[in-house]
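Please walk me through this protein chain. Begin with one residue, then widen the view.

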Amino acid sequence: MAHYIGALDQGTTSTRFMIFDRAGREIGRHQLEHRQIQPRSGWVEHDPAEIWENTLKCIEGALAGAGLTPADLAAIGITNQRETAVLWDRATGTAVAPAIVWQDTRTDYLVSALDPDLIRERTGLPPATYFSATKIQWLLEHTPGLRERAERGEVLFGTVDSWLIWNLTGGRHLTDVTNASRTMLMNLNDLDWDDELLRLFRIPRAMLPEIRSSAEVYGTAEAVLPGVPIAAAIGDQQAALFGQACFEPGEAKCTYGTGGFLLMNTGTTPVRSSHGLITTVGYRFGAEKPVFALEGSIAACGSAIQWLRDQLGVLDSAADSETLAQQVDDSAGVCFVPAFSGLFAPYWRPDARAAIVGLSRFHTAAHITRAALEAVCYQTRDVVEAMAQDSGTVLDCLQVDGGVTANALCMQLQADILGVPVSRPVVAETTALGAAYAAGLAVGFWTSLDELRANRHEDRRWQPSWSAARRTEGITRWRAAIDRTLDWVSVG
């Protein structure tokens with residue numbers, strides 16, 4: 001009998017395969033980074049073939065490290081970076097172009113021509129370069145002969161989950177409702193591709209995968225895991241919502257990775273945002289009613305720390321950010337707004353660009369690094385405030401997960417800037433755990449949500465320590481810094 005569930009977590013900067021037992025404990029993992037290809041300012045690409053090769057290596061490495069074989073896995077779930085667009089040849093399975101990543105802004109001229117009311121009414125999303133539709137449109141318009149091939153049904157589109165399912169199963173073209181909801185092509189009312197939007201973006205319907213629920217058996221693996229059911233696909237932030245056991249309306253979590261993503265379960269009725277948030281599908285299991293969520297997406301969290309490391313050379317590793325920032329008591333008036341690809345929620349300003357303001361000869365790399373950590377937290381506060389206005393629910397504790405939560409100073413700053421406690425679970429990588437839970441439910445490995453909720457255990461809690469006056473002063477300075485990043489580039 002198989003005693004474990006696997007989770008393939010394909011993220012923006014790396015791919016990992018994790019193995020969990022019935023108690024939700026990590027049994028093994030293997031992780032590999034992939035290249036971030038930036039051929040021009042504002043362009044961000046991935047190599048789909050490299051992602052697939054790393055997927056195979058991660059699965060093999062995790063099994064070997066845990067002393068397991070594919071037969072020990074009851075099923076695997078897939079979770080993934082969501083809006084990134086992959087196009088491939090139906091006959092050969094080879095990508096026909098680099099994947100355009102969710103952070104990419106090359107399609108801003110296409111987005112600026114869209115009707116915001118139409119897009120929001122149909123999809124729950126604001127028009128933005130973030131989502132997949134204009135990426136597909138751009139590739140069809142700028143790759144010679146590609147549109148004609150797509151219209152003949154020779155070229156397929158998928159978010160990364162579809163790319164992985166295709167390769168694992170030997171050619172099944174599927175996606176789940178959470179990933180489909182991030183394309184700007186799915187109608188939120190009937191959870192199907194919208195023909196009017198397909199005409200608007202000039203995207204042939206034959207390119208698109210079939211939309212399924214988030215937890216069902218999509219097929220069995222042929223490569224690397226022969227015979228193992230692929231039983232879940234769920235976008236990374238929705239997976240983290242599920243992995244944090246946010247099963248009831250009003251429960252929320254924030255995941256800190258390359259970007260930052262705060263999601264609140266709003267139940268089986270979508271809540272339309274009027275404060276700059278996204279209305280999205282949280283998850284859907286089999287034939288059950290879909291569960292919806294409000295989401296605030298932040299473009300740059302961990303990537304701000306990566307920028308200090310890779311572009312400025314201020315840090316040797318991301319972990320050094322905590323050590324360096326602790327050398328000073330505060331940022332001494334410095335604000336860092338990491339709007340490298342514009343500002344996402346709740347501002348949605350593609351014209352914004354990153355800025356470090358308030359500098360003097362006094363300031364050091366430690367002040368700038370601390371300001372980068374504060375930026376993660378101020379951006380989160382902006383989203384928390386918008387979510388309270390949309391939902392009428394005020395958080396009394398923020399559940400957090402993701403790689404940045406290993407930075408204890410950053411989490412203390414988050415509690416201070418929000419003014420509420422911050423709670424990190426024992427398993428901080430809840431994105432992979434959520435995919436495992438979804439797959440396990442689909443095959444009967446777990447039988448109820450109560451069973452999953454019982455698996456959640458708190459690892460650490462940070463209590464706010466700032467005075468109200470200090471918090472207000474910091475927020476005022478942050479808002480002034482935001483204003484200075486706007487109207488920096490022309491859009492349209």
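**A guided walk through the chain**

Arg-202 is partly exposed, at 45% relative accessibility. Here buried means under 20% relative accessible area, exposed means over 50%, and partly exposed is in between (1.4 Å probe, protein chains only). This is a predicted model, in which local features need pLDDT of at least 70, side-chain atom pairs count only at pLDDT 80 or more, and totals for chains, interfaces and linings use all residues. Residues are numbered from 1 along each chain as its sequence is written, and side-chain values use heavy atoms, with hydrogens and water left out.

Stay with Arg-202. Its phi is positive, about 60°, although Arg-202 is not a glycine. Arg-202 sits in the loop between α8 (195-201) and β12 (210-212). Helices (H or I, at least four residues) and strands (E, at least two) are DSSP runs, numbered from the N terminus. Val-224 also is not a glycine, yet has a positive phi of about 55°. Look for Val-224 in the loop between β13 (215-220) and β14 (229-235). Val-224 is partly exposed, with a relative accessible area of 22%.

Now turn to a buried residue. Leu-277 has a relative accessible area of 0%. Its place is the loop between β16 (260-267) and β17 (278-283). Which residues does Leu-277 touch, not counting those up to four places away in sequence? Among them are Arg-120, Leu-294, Ala-345, Val-383 and Asp-390. A contact means heavy atoms within 4.5 Å. Val-383 is 106 residues from Leu-277 in sequence, but their C-alpha atoms are 7.7 Å apart in space.

The peptide bond from Ala-345 to Pro-346 is cis, with omega near -5°. Pro-346 lies in the loop between β19 (335-337) and β20 (355-357).

Step back to the whole chain. There are 16 helices and 23 strands. The radius of gyration is 21 Å, close to the 23 Å that the globule rule gives for 492 residues, so the chain is as compact as a globular protein of that length. This radius is taken over C-alpha atoms, and the rule is 2.2 Å times the number of residues to the power 0.38. The C-alpha atoms fill a box of roughly 60 × 50 × 45 Å, taken along the principal axes. Buried residues make up 62% of the 492 residues. Of the contacts between residues at least 6 apart in sequence, 72% join residues at least 24 apart.
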